[in-house]
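Me: I would like to learn how to read cavities, accessibility and salt bridges in a model. Please take one feature at a time.

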Amino acid sequence: MSEGKLHSELLPHLFRQEYAKMTAVLCRHFGLQHIEVAEDIASETFLKASEHWAIHGVPANPQGWLYTVAKNKAKDYFKRQAVFESRVKPAIQPAASEAEIAFEFSSQVIADSQLAMIFAVASPVNAAESQICLALQVLCGFSVEEIANAFLAKKETIKKRLLRARENLRNDNFQLNALNEAEISARLDTVLRTIYLLFNEGYFSKTDDEVIRRELCSEAVRLAVVLTEHALTNVAKVSALLALLCFQSSRLAARTNSNKETILFEEQDRSLWDQLLIDKGNHFLVNACAGNEVSKYHLEAAIAYWHTTPTVDKKWEHILSLYDQLIIIEYSPVTMLNRIFALAKVRGNAAGIAAAEELNMEDNCAYHELLGYLYTSLAAHKAIAHYNKAIELTKSNAEKKTLQKAIERLMFK
Amino acid sequence: MKEFALIFRLQDVADSKPSPEQLQERMNWLAGIVAQNKLVDKGNTLLPMQGSAKTVRPGNIITDGPYTEIKEFISGYIVVRAETIEEAVEMAKANPIYKVGGNIEVREVLKRD
């Protein structure tokens, strides 16, 4: 393999896959307070790999090679620490001995560590958006620059946000090596919300960069899979969330055209939907059906199920009934508007308009978009007025274009 | 709402080991019921093979398999929620089991307490 190929293909791929796992395993040993040490060792390991492999070629078992190097670097670190501890502050406390760092990188240890790290990151001490940044950096191995691109934010802003979040994390006193059921049930909802938001960040991304969007979505799926694969977290609502993410992902390719404009659901080319992901979604949706638990993820997954199913009888009745349940569990303006869309499908646009206008969300872009859509067949001038209002309110250029197109269609009808 | 057991019957033991495609088809059918919030219990598959199935009769008579005089055997069951038995029958109609000559018995569950 040429050096060019090594740097452009194999390493970034391995880096993403292994860096976060390695950091998690090391961190579990050092404690969350020393997350920087763990990250340094993981970074140094990958640096060494890039140098060594460029000269000597890629070893037969790259993963094994990486972990052996990381282990040795960890040992060196502890030796240096021991020297420092014994010379500078003798007899205060015994430094970590060789025995203590005889850790394994077995698949079980990696899985446990990764799980613990997911729960550490989803700490209530940080706000949701900080948790997502942190998740991208610590769990997914994204650079500050990549995160800044994803959020369309300045690098400095993200850097500051991460610094604060990490400081909170260090002081959180969360024990990575003793993840127990009580802690899991206390934090699971936060974990799921972080993964959900991470996915949405990709799905409804502010950035036009298709690659970043896809990566955010697939990372969210990957983290949800980690949860379903672990006995402690393989519970109904986790399966429900994963089913939702699979269904949504199945339509990723069909959602934008070559000009990066959003394609409305009804105009999507269904042959671009990924049947494999739909099948996976069905599998997890069935798995999520256990006991009487119906979480918001159950309902959203069920709604997404109907959106991925070819038109069948009573499809919109099912969707409307699911939204009726969803607004009881979690009220949000978006859910209300989506419910009205379903309502209009069942009872007609006039009924939808009446329900929407009751909400009176003048400052909400999606509100005007919905009314524009509902008025289209009833009163073109009102539809255009609402679409114009939506264009004023949206910040996304892609959306502006889509709305502009809708207006043009109305004018030349 | 009432609950109904859907009891699956097959004729050929070989069909109780479905192909991945058949499994997926069944899963997709089941997902449609879950998405209506009408699956009460995803039930179980019952193995008909020798060593997995015996029938105990009066007088300590034990025979292999689930078979009586008819060839059919129960391959599994699920429980669904429905307003009426007609609605439960509609759900059963869409199952892929008929392609392999199977059938589904729909039975209302008597709910105690």
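Me: Which residues line the second largest cavity?

Reply: Rolling a probe the size of a water molecule over the atoms shows where empty space is left. On a 1 Å grid over the protein atoms alone, a cavity is a set of points where a 1.4 Å probe fits but cannot get out, and lining residues have an atom within 4 Å of a point. In this predicted model, the second largest cavity is lined by A:Gly202, A:Tyr203, A:Glu210, A:Arg213, A:Leu252, A:Arg255 and A:Thr256.

Me: What conventions apply to the numbering and to the model?

Reply: Residues are numbered from 1 along each chain as its sequence is written, while chains are lettered from A and ligands numbered from 1 in the order in which they are written. The model is predicted, with local features needing pLDDT of at least 70, side-chain atom pairs counting only at pLDDT 80 or more, and totals for chains, interfaces and linings using all residues; side-chain values use heavy atoms, with hydrogens and water left out.

Me: How much space lies in the second largest cavity, and which helices each supply at least two residues of its lining?

Reply: The space is about 30 Å³, where a volume is the space filled by probe spheres set on the points, and grid points are joined across faces, edges and corners. Helix 8 and helix 9 (210-229) of chain A each supply at least two of the lining residues. Helices (H or I, at least four residues) and strands (E, at least two) are DSSP runs, numbered from the N terminus.

Me: How many residues of each class are in that lining?

Reply: Ala, Val, Leu, Ile, Met, Phe, Trp, Tyr, Cys and Pro count as nonpolar, Asp, Glu, Lys and Arg as charged, and the others, Gly among them, as polar. By class, the lining of the second largest cavity has three charged, two polar and two nonpolar residues.

Me: How many cavities of 30 Å³ or more are there, and what lines the largest cavity?

Reply: The count is two cavities of 30 Å³ or more. The largest cavity holds about 50 Å³ of space, and its lining includes A:Ile118, A:Ala135, A:Thr194 and A:Leu223. Two or more lining residues come from each of helix 4 (107-121), helix 5 (128-139) and helix 8 (181-203) of chain A. Helix 8 of chain A gives the most, with four residues. The lining of the largest cavity divides into nine nonpolar residues, one polar and no charged.

Me: Next, accessibility. Is A:Phe151 buried or exposed?

Reply: Buried means under 20% relative accessible area, exposed over 50%, and partly exposed in between (1.4 Å probe, protein chains only). A:Phe151, in helix 6 (residues 144-151) of chain A, counts as buried because its relative accessibility is 9%.

Me: Where does B:Asn60 lie, and what is its phi?

Reply: B:Asn60 is in the loop between strand 3 (54-57) and strand 4 (61-64) of chain B. Its phi is positive, about 60°, although B:Asn60 is not a glycine. B:Asn60 has 68% relative accessibility and therefore counts as exposed. A:Asn360 also has a positive phi, near 50°, and sits in the loop between helix 15 (349-359) and helix 16 (365-375) of chain A.

Me: How many salt bridges does the structure hold over all chains?

Reply: A salt bridge is a side-chain nitrogen of Lys or Arg within 4 Å of a carboxyl oxygen of Asp or Glu. Over all chains the structure holds 18. One of them joins the side chains of A:Glu44 and A:Lys73 at 3.8 Å, N to O. A:Glu44 lies in helix 2 (residues 35-56) of chain A and A:Lys73 in helix 3 (residues 62-88) of chain A, so this pair ties together parts that are 29 residues apart in sequence. A:Glu44 is partly exposed at 40% relative accessible area, and A:Lys73 is partly exposed at 21%.

Me: What separates A:Arg222 and A:Glu219 along helix 9 of chain A?

Reply: The two are about one helical turn apart, because three residues separate their positions in helix 9 of chain A. A:Glu219 is buried at 10% relative accessible area, whereas A:Arg222 is partly exposed at 23%.

Me: Which residues are linked in a network of salt bridges?

Reply: A:Glu36, A:Glu39, A:Arg166 and A:Arg170 are linked in such a network.

Conventions. On a 1 Å grid over the protein atoms alone, a cavity is a set of points where a 1.4 Å probe fits but cannot get out, and a pocket is an open set with protein on both sides within 12 Å along at least five of seven lines; lining residues have an atom within 4 Å of a point.
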